[in-house]
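Biologist: I am new to reading structures. Could you walk me through some features, one by one?

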Amino acid sequence: VAADDLYLVGTSEVPLAGYHAEEILDLSDGPLRYAGGSSCFRREAGSYTPLIERNRVYSNTGTSGGGIGVRSVNATIQDNVIYSNTATTGEGGGINLFAEFGFSAIARRNDIHHNSAPNGGGIYATEGNSMIQNNLVYANTQGGGVSLYYSEAVMENNTIYRNTGNGILYTHGTSERQPVIRNNLVISNTGYGFYCQESGIVSDT
């Protein structure tokens, strides 16, 4: 895809569907179950709105979004317990919200702890106007609690404590693109409670 410097690949159903090509399967002992993954990309015109709810997500490893990663979708991630996940080289040990402008991802009422990433151990949000609300973000072991990068996120009513690194880090904003960070409780992180490298709106934090 020339505009995005990406390549196209089929979803994992394609190779799985061909796994038993030209065979007649005996299913008398029950169905065959397979799982697969692929580095495919999909883009819809804002109609794709996944709900990720009431899951336990733990002990996963990825380059970005060790626990849960969403990109260019209006996703809602809520009421999950997300712990002991690792983003090895990228961002978002627990959750990575790559919303892109024009999309809005929501992360609310999640319990996010003991995750690790170089940036955003608990949550990482970039671009878009993500909503980060009423989460517990604590004891993440690398990358701090929440990192916002070039983001218009609204971040409110979160409790962020005992993370290794900054509680909240905001970088690379512009006068046109600023987050709103309000009414959060930020306690006992090993770095700054809140560190802002660019302009933004901060109130009652």
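Biologist: Which residues form a nonpolar patch on the surface?

Modeller: A patch takes residues with over 30% relative accessible area and no salt bridge; like charges are joined within 9 Å, nonpolar side chains (Val, Leu, Ile, Met, Phe, Trp, Tyr) within 5 Å. Here Y19, L25, L27, L32 and Y34 form one, with about 530 Å² of accessible area together (Shrake-Rupley method, 1.4 Å probe, only the protein chains shown counting as cover for residues). This is a predicted model, where local features need pLDDT of at least 70 and side-chain atom pairs pLDDT 80 or more, while totals for chains, interfaces and linings use all residues. Residues are numbered from 1 along each chain as its sequence is written, and side-chain values use heavy atoms, without hydrogens and water.

Biologist: How many salt bridges does the structure hold?

Modeller: A salt bridge is a side-chain nitrogen of Lys or Arg within 4 Å of a carboxyl oxygen of Asp or Glu. The structure holds three. One of them joins E156 and R182, at 2.7 Å from N to O. E156 lies in strand β15 (154–156) and R182 in strand β18 (180–182), so this pair ties together parts 26 residues apart in sequence. Strands (E, at least two residues) are DSSP runs, numbered from the N terminus, as are helices (H or I, at least four).

Biologist: Is E156 buried or exposed?

Modeller: Buried means under 20% relative accessible area, exposed over 50%, and partly exposed in between (1.4 Å probe, protein chains only). E156 is buried at 14%, whereas R182 is partly exposed at 34%.
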